[in-house]
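Me: I'm new to this structure and would like to learn how to read it. Could we go through it feature by feature?

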Amino acid sequence: MTDITKATDAIYFAPLLPWQHELWTQLTQRVSVSSGQLPHALLAAGMSGMGKRAFVWRLVAWLLCYEKHKHPLGACGQCESCQWLRSGTHPSLQVLPLISLPVSAEHNQQESKPKSTKSAKAMSASALKIKVDDIRALQPFIYQGGQGMRICILDHAEQMTIAAANALLKTLEEPQSQVHLILISDMPAKLLPTIKSRVQQLPLQTIDHKLAFDYVKEALGGTINREAVTDDAIEQLLQLANGAPLAAIMLAQAPWYHKRALWITVWQALRAGKRSSTAASDYWQSQLSITEFIRLSELMLLDMRRISLGLESMQQDIDLSVTLAKYQPLDNALNQFALSLQESKVALQQNVQEKFAYDKLMQELAQL
Ligand SMILES: [Zn+2]
């Protein structure tokens, strides 16, 4: 099995996520039992980490599968259609932006490796944009007629330009039989209301807490970074991830998440003048990338604001509340540090050196 085949298998033929069983059954029965149709246009929306894309790719594979009536739980993986998906060349599937196509994403990653960070970043930002020409280029596929189902996926649909959204509206107003459009968006609030009113939203946002908890627990296999994971730790991860199980798992596996207690220690040493900002900068550079450090600091700031409002700390496994009981930074100082974090993100997009950004942040942290 090649790497590409493995990557596509994990996407099209992955096990169904436990909190999606009900929706899966509803949708697939509509197609098979009543030999009815799915709505012409669907929207999978909501914050990332809830498994929207996992659901959509699985559904795409099943809808296109020639043996789907014998395999109600997921595409057969063997028929000609499933083989086409494996090779990334399905004639009845169009994906925008191209970078979202499972195979092409992998190719792109390999191709971008030798390029500089700046051009890779610029490429990924522009690669997500869906332009009017992209929508126009879909038209022959949508209006070609003929037998068999055809599917268009529009991932990161909120990234459509206004012209692209208007071009798409026309398509949504003229449903073609056997053609399904599936929009995916992490930020549905940014979608045009006229688009939203013409698509049927899939109920993917609510996840039963116990199912989420059990899934995260099993996925982490009882340990995070070889440390035993307690039920409290899982509850905290889920709370920090706003209940999104896949996001909670990613959080548990992120190196920065395990440096939260260290963040407090270094901050206190900086404040007390026991460590210079240059030394702190050198230290953090050896521990985390600046992007990771910014995410870590954002979480700490968020929790510090909660505590200053009299709310309970979201992190019960570190001593943030104890530290703040002894010393509470002023709101102004918190705002200033939040602003510096934002400025650092912008500077990094403009290719400022990590060391420079780290040095500046440590000077600011010492003032907090
Ligand atoms: Zn099949």
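Me: Which residues does Met 304 touch, not counting residues up to four places away in sequence?

Reply: Let's start with the ground rules. This is a predicted model, where local features need pLDDT of at least 70 and side-chain atom pairs count only at pLDDT 80 or more, while totals for chains, interfaces and linings use all residues. Residues are numbered from 1 along each chain as its sequence is written, and side-chain values use heavy atoms, with hydrogens and water left out. Contact means heavy atoms within 4.5 Å. Leaving out residues up to four places away in sequence, Met 304 touches Trp 263, Trp 267, Leu 320, Leu 324, Gln 328, Pro 329, Leu 334 and Leu 368.

Me: Where is Met 304 found, and is Met 304 buried or exposed?

Reply: Helices (H or I, at least four residues) and strands (E, at least two) are DSSP runs, numbered from the N terminus. Met 304 is found in helix 15, residues 290–308. Met 304 is buried because its relative accessible area is 0%. As a sense of scale, the C-alpha atoms of Met 304 and Gln 94 are separated by 46 Å, and these residues are 210 apart along the chain.

Me: How many helices and strands are there in the protein?

Reply: The protein has 18 helices and seven strands. Its C-alpha atoms fill a box of roughly 75 × 45 × 40 Å along the principal axes. Of the 368 residues, 45% are buried. Among contacts with a separation of 6 or more, 74% are between residues 24 or more positions apart.

Me: How do I read two packed helices, and at what angle do helix 7 and helix 8 pack?

Reply: Two packed helices are described by the angle between their axes and the distance between the axes. Axes are lines fitted to C-alpha atoms, for helices over the stretch in contact, and angles run from 0 to 180 degrees between N-to-C directions. Helix 7 (residues 132–143) and helix 8 (residues 162–173) pack at about 20 degrees, with their axes 8 Å apart. Helix 7 is therefore roughly parallel to helix 8. The naming goes like this: under 35 degrees is roughly parallel, over 145 roughly antiparallel, 65 to 115 roughly perpendicular, and the rest oblique.

Me: Which residues of helix 7 and helix 8 make the contact?

Reply: Helix 7 brings Val 132, Ile 135, Gln 139, Ile 142 and Tyr 143, and helix 8 brings Ala 163, Ala 164, Ala 167, Leu 168, Lys 170 and Thr 171. These residues divide into eight nonpolar, two polar and one charged. Here Ala, Val, Leu, Ile, Met, Phe, Trp, Tyr, Cys and Pro count as nonpolar, Asp, Glu, Lys and Arg as charged, and the others, Gly among them, as polar.

Me: How far apart are the axes of helix 10 and helix 11?

Reply: The axes of helix 10 (residues 209–220) and helix 11 (residues 231–240) are 10 Å apart, at an angle of about 115 degrees. That makes helix 10 roughly perpendicular to helix 11. In this contact there are seven nonpolar, one polar and three charged residues.

Me: How do I read aromatic pairs, and how many does the structure hold?

Reply: A pair of aromatic rings is described by the distance of the centres and the angle of the planes. Rings of Phe, Tyr and Trp (its six-membered ring) pair if their centres lie within 6.5 Å; planes under 30 degrees apart are stacked, over 60 edge-to-face, and the rest tilted. The structure holds 11 aromatic pairs. Among them, Trp 256 and Tyr 257 are edge-to-face, 6.2 Å centre to centre with 80 degrees between the planes. Both Trp 256 and Tyr 257 are buried. Trp 267 and Tyr 327 form a tilted pair, with 6.3 Å between centres and 55 degrees between the planes. Trp 267 lies in helix 13 (residues 260–271), and Tyr 327 in the loop between helix 16 (320–326) and helix 17 (331–349), 60 residues apart. Trp 267 counts as buried at 0% relative accessibility, whereas Tyr 327, at 26%, counts as partly exposed.

Key
Buried < 20%, exposed > 50% of the residue type's maximum accessible area, 1.4 Å probe, protein only.
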